[in-house]
Amino acid sequence: MRSKWISYLFNQAHAVQHPHALFLYRKGVYLFTFLITLMQLPVASFIWGKNAPIAPLIYEGNSLLQSLNLLSHPAFSTYYPGLVLLLLIAIVASFFVSSQRLLALLIFFCYSNLYHRSVAIQNGSADLLHLQLFYLVLMDENAMHKAGKLKALSISLTNFAFLAAQVQLCVVYFISSYYKLQGSQWMDGSAMHYALLNDEFTLGFVQDIVANIELPLRLLTWLTLLFQILFPVCIWIKKLKPYLLTFGIALHALIALVMGIVDFGLLMIVMYLLFASEAWCLAFRNKYFRVHQKVISIEK
């Protein structure tokens, strides 16, 4: 047992364990950030501007948090277009350069300032995205190709940050399932029926359909609850992983397209790249990103 743990810890500093999954995950998160920022541009002055009606979130006595919340101060609030433009440029640049950590830090800085200015009206997807952008600052899929004494530290930091992002996804499902179990509608199978009949989230023609299919919706409700309960444990089992990811993609696509919660549904699908196999990620990367260099990976 001791030798197994020693081998595990050695691998954390010896090689980036999921370089291709990390590469695609970074691209997916940044692309999502780019699109979600573009979607907010029509109301940019309302959520980020000097005269925005949203109450600012003020941090006192913490210079680090204040630097990530510049737009909440009148002296900086008029410069939000610069932050937005810098964020979009940094994301585009990340698709053309190999070194990522400085760009990741810049992207996190810009997004964090925009996020904190509008946090009062943001939903769970914005909170989750904020965390993922922070994790990406700590990751470097090219850490193995670095030179110098800090190489082992960079590799270790990348592996543990990647693991933290994986655990974060599991925590989301664990907390979600925990609170669902506290209520009666998920237990009796009526939750999905009521959600799809909500005028604020569901299209009219969908409501007409679901009004007459109560039993299938009950089964879907229980299946969704079971999925969320099992995911944090079963996703680590290699044979079960493909089935969980397939069902999860279908579920979140349904949430995005039918219920209109597009941002959360898409972000959860992007986060599934954290659990994609290295072989699939390498094949996808070679096909669409023209990778010509061989990257060593260790897959459990």
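View 1. The structure is a predicted model, in which local features need pLDDT of at least 70 and side-chain atom pairs count only at pLDDT 80 or more, while totals for chains, interfaces and linings use all residues. Residues are numbered from 1 along each chain as its sequence is written, and side-chain values use heavy atoms, with hydrogens and water left out. The chain holds 15 helices and 0 strands, where helices (H or I, at least four residues) and strands (E, at least two) are DSSP runs numbered from the N terminus. Contact means heavy atoms within 4.5 Å, and among contacts between residues at least 6 apart in sequence, 73% join residues at least 24 apart.

**View 2. The packing of helix H8 with helix H9.** Helix H8 (residues 124-138) and helix H9 (residues 151-182) pack with their axes 8 Å apart and at an angle of about 165 degrees. This angle makes H8 roughly antiparallel to H9. Axes here are lines fitted to C-alpha atoms, for helices over the stretch in contact, and angles run from 0 to 180 degrees between N-to-C directions; those under 35 degrees count as roughly parallel, over 145 as roughly antiparallel, 65 to 115 as roughly perpendicular and the rest as oblique. From H8, the residues Leu 128, Leu 131, Gln 132, Tyr 135 and Leu 138 meet Leu 157, Thr 158, Ala 161, Ala 164, Ala 165, Gln 168 and Val 172 of H9. The residues of this contact of H8 with H9 divide into 9 nonpolar, 3 polar and no charged, where Ala, Val, Leu, Ile, Met, Phe, Trp, Tyr, Cys and Pro count as nonpolar, Asp, Glu, Lys and Arg as charged, and the others, Gly among them, as polar.

**View 3. The crossing of helix H2 with helix H8.** The axes of H2 and H8 come within 11 Å and cross at roughly 135 degrees, and the two helices are therefore oblique to each other. On the H2 side the contact is made by Leu 22, Tyr 25, Arg 26, Val 29, Tyr 30, Phe 32, Thr 33 and Ile 36, and on the H8 side by Leu 129, Gln 132, Leu 133 and Leu 136. By class, the contact of H2 with H8 has 9 nonpolar, 2 polar and 1 charged residues.

**View 4. The salt bridge of Glu 141 with Arg 26.** A salt bridge is a side-chain nitrogen of Lys or Arg within 4 Å of a carboxyl oxygen of Asp or Glu, and by this rule the count comes to 1 salt bridge. The side chains that meet in it are those of Glu 141 and Arg 26, at 3.0 Å from N to O. Glu 141 lies in the loop between H8 and H9 and Arg 26 in helix H2 (residues 19-40), so the pair ties together parts that are 115 residues apart in sequence. Both Glu 141 and Arg 26 are buried.

**View 5. Ser 177 and Leu 225, with their contacts.** Ser 177 lies in helix H9 and counts as buried, at 5% relative accessibility. Leaving aside neighbours within four places in sequence, Ser 177 is in contact with Leu 225, Gln 228 and Ile 229. Leu 225 has its place in helix H12 (residues 214-234) and is likewise buried, with a relative accessible area of 6%. With neighbours within four places in sequence again left aside, Leu 225 is in contact with Ser 177, Lys 180, Leu 181, Trp 186 and Met 187.

**View 6. The buried residues of helix H14.** In helix H14 (residues 262-271), the residues Asp 263, Gly 265, Leu 267, Met 268, Val 270 and Met 271 are buried. What covers them includes H2, H8, H9 and helix H13 (241-258).

View 7. Ala 52 lies in the loop between helix H3 (44-48) and helix H4 (63-67), and at 12% relative accessibility Ala 52 counts as buried. Not counting residues up to four places away in sequence, Ala 52 touches Ser 45, Phe 46, Ile 47 and Arg 117. Gln 17 is found in the loop between helix H1 (2-14) and H2 and is buried, with a relative accessible area of 5%. Gln 17 and Asn 159 are 142 residues apart in sequence and 6.5 Å apart in space, C-alpha to C-alpha.

Technical notes. Buried means under 20% relative accessible area, exposed over 50%, partly exposed in between (1.4 Å probe, protein chains only).
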